[in-house]
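Notebook open, structure up on the screen. I want to jot down what I looked up, entry by entry.

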Amino acid sequence: MDENDEFEVTTTLNDIAYLYCDFDKNKEENLIFILEPNDSILMNFEARDFWKTASFKGNAASKFEYYKEDYIKTFIQSDWKNITSKKLGSSALFFEKLMEVEGLKMRVLDKYKSKTSSTFYTLCQADIKSTINRKILPDIYQRAQKLKIPLDAKLIPALYRQRVIEINPPQNETTAKSEQYPNNVLYMTALTYPDKKYDIEHVDDYFQAHKSRFHPAFVEVLSAEHLKEEIGYKGVNAEVVSKVKKFESDYPNSRFLPLIKEKLINKEETFAIGKPALPFSLRDTAGRTVQLADFKGKVVYLDFWASWCGPCIAEMTPAKKIKNHFKDQADLVFLYISLDKKESDWRKAIAKYQIGGTHLRDDITAKESAANTYDAGCIPSSFIIGRDNTFHAIQPPAPSKNDGKDLIKILEETLNKK
């Protein structure tokens, strides 16, 4: 900022872009705006109360007025936080309120339809659909887990089912540019057209088996997203490198290719078999400081998880069988690092799901967060660290895979390696 508390940002856009603004780390909501080439905007605001104080000028002012009205009516007046935290008493009421919010958000957007471009309107429509459905998916996942049945669209109350799973706006070159919508379409498609062989919990496998259901632009976006996740999960190995080469062959001019290659290079430099494990220091359940170095000479199964992560919790029961197999092996440590913001949520989950092992809690907003250090933003995320403090496996098989036999084999190989 200059002496007048002002700053200016200028950039060149060849296509639409999402602008992320974060003024207060204590607030959960990031400010996200869609920009188009040749947009200009002058904003005046107080950083600690952006929406109540913001005013806008410039040719993109109508877009930002839309965002302001949407925020005030959705997040403030409609009690969005209570809805999304499910403090409503019943699943039916939860869905009813979410549909009300979706309708409200669309009515606000429609007011600005004539004042903004068709691209902006369509992308906002896609983002609204994704925002609502992103709250629905965890709800039906938890219901499926509780009832011990596969995920299916029938878990959505019949009154709202068609509205939730409807692919609207349709798949095309424009909606593929939404940062959220391609993944929303993938999950809704997997719910609507379930495949017993490839369930929604293995959505990448589902996508690979059902690419014909998606627009070519969506196939490119989803392929790139899953490839970046796989690089983050598995590190650099022959399979991952082969997939990167295949993507480059299929999409030589893809805007995602530079990001994929950069991630591959960064991962190769840090996360590869034989590379030294990265140090960290966190507090355990007793408040004691625990460091990775404390386990020197032992094999460590390192698992990043959180109480709110359905797939993480789903692996805790099959993990008990793994631990029981190694119950007499003192040189094997099951080390769990939680990403829970609230200590109470962390402690309750450990007790509720009877998660044995050593437990630490991370602050993902901290400068030296263990999760950030290990590139474990997508959980569950696990590593096997050998006695020599080097990586022996990056994202090994989950405890539930092949009845735990695959993970047991890798752990035994690591234990036997001197």
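How do helix 4 and helix 6 lie to each other? I worked on a predicted model, where local features need pLDDT of at least 70, side-chain atom pairs count only at pLDDT 80 or more, and totals for chains, interfaces and linings use all residues. Residues are numbered from 1 along each chain as its sequence is written, and side-chain values use heavy atoms, with hydrogens and water left out.

**Helix 4 and helix 6**

I found that helix 4 (residues 91–111) and helix 6 pack at about 40°, with axes 10 Å apart. The pair is therefore oblique. My cut-offs: under 35 degrees is roughly parallel, over 145 roughly antiparallel, 65 to 115 roughly perpendicular, and the rest oblique. Axes are lines fitted to C-alpha atoms, for helices over the stretch in contact, with angles from 0 to 180 degrees between N-to-C directions. Helices (H or I, at least four residues) and strands (E, at least two) are DSSP runs, numbered from the N terminus.

I then listed the contact (heavy atoms within 4.5 Å). Ala92, Phe95, Glu96, Met99, Glu102 and Gly103 of helix 4 meet Tyr160, Arg163 and Val164 of helix 6. By class I get five nonpolar, one polar and three charged. Here Ala, Val, Leu, Ile, Met, Phe, Trp, Tyr, Cys and Pro are nonpolar, Asp, Glu, Lys and Arg are charged, and the others, Gly among them, are polar.

**Helix 2 and helix 5**

Next I checked helix 2 (residues 61–76) against helix 5 (residues 118–147): their axes come within 12 Å and cross at roughly 20°. Helix 2 and helix 5 are therefore roughly parallel. Lys63, Tyr66 and Tyr67 from helix 2 touch Phe120, Cys124 and Ile128 from helix 5. That contact has five nonpolar residues, no polar and one charged.

**Loops**

Which residues does the cis peptide bond join? I see Asn168 and Pro169, with omega about 10°. Pro169 sits in the loop between helix 6 (158–165) and helix 7 (181–192).

I also noted Gln354, which has a positive phi of about 50° although it is not a glycine. Gln354 belongs to the loop between helix 13 (343–352) and strand 9 (358–361).
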